[in-house]
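Hi everyone, thanks for coming. Let me put the structure up, and then we'll walk through a sheet and some helix packing.

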Amino acid sequence: MTALLEVSNLAKAFPARRTGFGRARAWVHAVRDVSFAVEHGRTLGVVGESGSGKSTAARLLLGLVRPDAGTVRLGEVDVLAARGADLHALRRRMPMVFQDPYSSLDPTWVVRDIVTEPLRLVGERSRPVLGARAEELLELVGLAPAFARRYPHELSGGQRQRIALARALACEPDLVVLDEAVAALDVSTRAGIINLLQDLQDRLGVGYLFISHDLALVRVVSHDLAVMYLGRIVESGPTEQVYARPAHPYTRALIAAAPVPDPVVQRARDRPPVRGEVPSALAVPSGCAFHTRCPLATDVCRTTEPPEVAIAPGHTAACHHTESVPGPRSEPVPEPVLKGTS
């Protein structure tokens, strides 16, 4: 069965400094040889520190930024080859929900117009039809029909994000890209949105690309996981398998960085040391980009970029020292509390 979304060898570098003649003197290597797939009705979580290239990769696969190399296929369709009306039609099949719901909603429009905007763009002009569809979408995301007459400034953060999600679902997409879609929300509101996303996936069969810096949250939401560092995916696989046996030192460090609510357990945890700061994407280190911070780094890490190594079926890591991977974790993995509503 063909994957819903297939991304292969995606790459993008942005010019950082130019000469007096307009030629680039330095490049920011934002995305480097990224490949992944999203299956029908499943969620792929993409995690990493700020500046790892997560959001840039999302914009590349939507065609909002043109990549330097790589392919993106939505089903059988080549997304990057589409232009004009064909590209707009593809974007209706994979809309994006942004981190800040307020800045992504037009403050001068009422909710009814916001959530039905995608329908008007495809030619629907009947006000009764648009009004009925607006009520359906609001009900779908757990809001009363009365919200259709409100403006964004009259809503809470959770309600705004529900409106953004309703707009994304207006044209019945195959895939929704969620770029830090709950990062700006408080814990209880975040719980309501996460529960809503999971319920909609069960009911509609929509796939999600869920981008976040919160590994504990991604564990709850995602079926599959991709860990990014300095523009490259360093580990990927089924989420529970990656958590049970993280193969890359960076993945282990991210998991260890999330606190466990039990003080006794927290003090006893094995927290692998990670030195220094993330290097600049202007000067990506040679060899393995993580070698400047890795406790396992050796000479080969400094000179040779590691290939992807199979750890288990569907689970790979780009590391020279996968033989040093410990067995299944014996300590608890932190999980967010996802109870409550918005």
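So, here we have an open sheet of four strands, in the order β2-β1-β4-β5, with antiparallel pairing. At its edges stand β2 (24–38) and β5 (77–78), each with a single partner strand, so one side of each has no neighbour in the sheet. Strands here are DSSP runs of E of at least two residues, helices are runs of H or I of at least four, and both are numbered from the N terminus; two strands pair if DSSP finds at least two bridges between them.

A word on the source: this is a predicted model, where local features need pLDDT of at least 70 and side-chain atom pairs count only at pLDDT 80 or more, while totals for chains, interfaces and linings use all residues. Residues are numbered from 1 along each chain as its sequence is written, and side-chain values use heavy atoms, leaving out hydrogens and water.

Back to the sheet: β1 (residues 5–18) and β4 (residues 69–74) run antiparallel and are joined by five bridges, with V7 opposite V72 in β4.

Now the helices. How do α3 and α5 pack? Helix α3 (residues 111–121) meets helix α5 (residues 157–168) at an angle of about 35 degrees, their axes 7 Å apart. Axes are lines fitted to C-alpha atoms, for helices over the stretch in contact, and angles run from 0 to 180 degrees between N-to-C directions. From α3, the residues V111, I114, V115, E117 and P118 touch I163, A166 and R167 in α5, contact meaning heavy atoms within 4.5 Å.

Lastly, just after α3, G123 takes a positive phi of about 110 degrees.
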